[in-house]
Amino acid sequence: MRVLLHVWRQAGPGATGRLVDYEAADISPDMSFLEMLDVVNDRLTVKGEEPIAFDHDCREGICGSCGMMINGAAHGPMKLTTACQLHMRSFKDGDEIWIEPWRAKAFPVIKDLVVDRGAFDRIIQAGGFVSAPTGSAQDGNAIPIPKQNADQAMDAAACIGCGACVAACPNASASLFTAAKITHLGQLPQGQPERMKRALAMVHQMDLETFGGCTLFGECQEACPKGISIDTIAQMHRDYMLATAIRREESAIGGTG
Amino acid sequence: MTTKLEPKIPAGPLAEKWDKHRFEMKLVNPANKRKYSVIVVGSGLAGASAAASLSELGYRVSCFCFQDSPRRAHSIAAQGGINAAKNYQNDGDSIWRLFYDTVKGGDFRARESNVYRLAQVSVNIIDQCVAQGVPFAREYGGLLANRSFGGAQVSRTFYARGQTGQQLLLGAYQALEKEIARGGVTMHSRHEMLELVVVDGKARGIITRDLVTGAVEAHVADAVVLGTGGYGNAFYLSTNAKGCNVTATYRAYKKGAAFANPCFTQIHPTCIPVAGEHQSKLTLMSESLRNDGRVWVPKKPEDRGRKPDEIPEQDRDYYLERKYPSFGNLSPRDIASRAAKEVCDEGRGVGPGGRGVYLDFADAIKRLGESTIRERYGNLFEMYERITDENPYKQPMRIYPAVHYTMGGLWVDYNLMSTIPGLHVIGEANFSDHGANRLGASALMQGLADGYFVLPSTIGDYLATSKPDKLDASHPAFSAAIDDVNARTAKLLAIKGKRSADSIHKELGHILWEKCGMARNAKGLREALAAIPKLREEFWSNVAIPGSGAELNQSLEKAGRLADFLEFAELMCTDALHREESCGGHFREEHQTPDGEALRDDENFAYVAAWEYAGEGKAPVLNKEPLEFENVHLSTRSYK
């Protein structure tokens, strides 16, 4: 098959970008979307032109490296699917395909389709962990965890940190990403001691990174390749409000700010 | 010039070695730890757990990864699970049994003492991960669930759906981020290590390229740790992530670190078959599927064109169950892979090109219901359908072996230190624990054992004993290494040829897969050894790398990695040619039993082959570490 691509090309962080047209001929429907880009890039390389830069690594939908807007949808038209797992059989011969990077102030473009998602790491640094220094753990079966809680924690922990939720959100909010981690750890007994501190710190960091607020459009849930539910955002809001209330009490008792 | 390999295995009974050694090692006083700096290259299970644990101890750590975030290291893609000798199932497991299974599974080519220690700390890993909030699968009573895996007759594998590697890595990554926030670790994402710096015989730093700006930088430390994974991508097509490469370990090899058993590569039996020339990587279907799936091909070659449901039971050959009745579909990986190759070579393979076998869930669905199967393997079935456009609930999966893991790696002693003092190697990057074949669910175990528990103890002994001198990047060894890196980049960019790195890499992969893959023979290996230098010449005269070195340049990254693969491939074939026996994943056609099983030669080859770089254009020097089996009886490995 043959498709016509309109690809965002941008030489560097400060440079002005533009859409450039490429014809991709002799494409097999069994190719993944990224393999189609490989073919285009190979042809560009042989001509001495710079290939299209895009992030990718595992190509099996789990590392979260790849991510691009394909015809205006994060990761393209197939639900619950990352760009690397999308196959050309989702398109028709002669289709036009628009490919752009994630668009968000907090994800500046580095080159072409490659963006800087360091803000996600900093949100995790703020509190997306359980402080359990190596060697200090008790036996793994010492605290039973109801299967339902473990399953719900796993549902939220499935987040791959790709950034599709941010790219899909009209506010470029990172709420789904942040809430997934808060929900994962909040479902487990090991996550309880730091639960309130975590909610406050992670939400605060999300704001500092210039992500927008959540107004419950629900686009994030639609775009998420791992099916993370916006119920997690409700959980995040509950934890955050409770944490704010408790913090006031603690301050009042302890007399510290 | 030969290096004397000193494995430094502590004396005493096997079960007491590690405890005794931990007592005998020198400690670094808590207040002094912050005076020492450690570089950790790689942020997968081994690297991230090591960096976090070293920082918690008080060392100043710098951690490097080529991805945009440490969370994306390829450990994340491990599916099935992690072994531990917890014996929660009361089915007869023990540290000794895990140790025994691993040594036997590795076809008696691993070091007993290391494997025993691995089995010992396996139980601590599960505890540690649970404490971090890893959402392992649980039973209704709230306790941890287990599943079985290949090469074992007990259920000792802990798992988090089909995403165990992801959850374990996120646990280690979160511990790492916690330490970054605390200031104990400085993280350098999108940085690639391009040179190791050795000063006065000790590893003292690395040279990196900032993949965004192209800046070449020197980093100095008192010790260097490589957790940079395996070299399976030498084959181009493998289950590894696209970025996985041999550069860090190969650069260390060229600086004097011995490379052990490079021919030991693992071909995983259950991967989705190649669909066409465009294929950029292969996708694994977890070994755990073999718990419920039955592997078969038609008995008669003429049936291979028929639809699977039209082939009656009596015309199917469930060859693993037939050949290996006691392990059946859960036979170890090397054995299952070879058996698949064998039936396809007989013309009974299914799917395009006849390179596939069926993995059939019809019986399991009948027995357990579709919903149970969905709960166990739902995400894997979806992945399969997305890639092949076939529904595995309705028709059997088609699978074929693919390169998955490399047991070989830099040689390390009991302390995980290479032949270069101060250079430590952990996880898949070292050679130590899996012998000639790794059992399923043991890679995660080894990466985390090394990173959480072994290295943080042993590196203290090195620092306390060697007392490294003060040093900074103005030392001539660093400027020389920077010059080397810059010269190499300039040379690559100056070629301005006509072929993409990928097209040359595919050619290399084809040579290795045909000549140094699931079955090898002397003739084929000699042909490969003649073909690889020619391809290398083609690369250095005809590769096309658009763009410059002073920007994000993915073509340059690929070409740099391929340049190292093109040299390393020769070392693989040299090792495969010299090992005149069959063991584990290394199957030499000249050495097999009458019924086609691997024929080991313990008298002549019960050793680790540690190759030493001898200089440009010179044959590498072979050093041998004899393997002594004092606790496990060397026997013919049988899964019948």
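Six residues of domain 2 of chain B are in contact with six residues of domain 3 of chain B, where contact denotes C-beta atoms, placed from the backbone, within 7 Å of each other. On the domain 2 side, helix H9 (residues 333-345) of chain B contributes the largest share, five residues. This side of domain 2 of chain B consists of one nonpolar, one polar and four charged residues; Ala, Val, Leu, Ile, Met, Phe, Trp, Tyr, Cys and Pro count as nonpolar, Asp, Glu, Lys and Arg as charged, and the others, Gly among them, as polar. The centres of domain 2 and domain 3 of chain B, taken over C-alpha atoms, are separated by 30 Å. Chain B is assigned domain 1 (14-264 + 407-466), domain 2 (269-403) and domain 3 (477-607), with bounds that come from an automatic or database domain assignment.

The structure is a predicted model, in which local features need pLDDT of at least 70 and side-chain atom pairs count only at pLDDT 80 or more, while totals for chains, interfaces and linings use all residues. Residues are numbered from 1 along each chain as its sequence is written, and chains are lettered from A and ligands numbered from 1 in the order in which they are written. The model scores ipTM 0.97 and pTM 0.97. For chain B, the mean pLDDT (the predictor's confidence in each residue, from 0 to 100) is 96, and 100% of its residues reach 70 or more.

Between the chains, the contact takes 64 residues from chain B and 65 residues from chain A. Helices of chain B that each supply at least two residues to the side touching chain A include H3 (45-57), H5 (112-132), H14 and H16. H6(B) gives the most to this side, with nine residues. By class, the side of chain B that touches chain A holds 24 nonpolar, 23 polar and 17 charged residues.

Helices (H or I, at least four residues) and strands (E, at least two) are DSSP runs, numbered from the N terminus. For helix H14 (residues 501-515) of chain B, the 15 residues should span 21 Å at 1.5 Å a residue, and the end C-alpha atoms are 21 Å apart, which agrees; the expected span is 1.5 Å times one less than the number of residues. A residue is buried if 20 or more other C-beta atoms, placed from the backbone, lie within 10 Å of its own, exposed if 12 or fewer, and partly exposed in between. Among the buried residues of H14(B) are Ile504(B), His505(B), Leu508(B), Ile511(B) and Leu512(B). An α-helix has 3.6 residues a turn, so residues three or four places apart point the same way. The buried residues of H14(B) pack against helix H1 (33-46) of chain A, together with helices H15 (522-542) and H16 (554-578) of chain B.

Two residues other than glycine in chain B have positive phi values. Phi of Lys496(B) is near 45°, and Lys496(B) is found in the loop between helix H13 (476-495) and H14 of chain B. Lys496(B) is exposed because 12 other C-beta atoms lie within 10 Å. Phi of Asn261(B) is likewise near 45°; Asn261(B) lies in the loop between strands S10 (259-260) and S11 (265-271) of chain B. Asn261(B) counts as buried because it has 30 C-beta neighbours inside 10 Å.

Note on methods. Contact = placed C-beta atoms within 7 Å.
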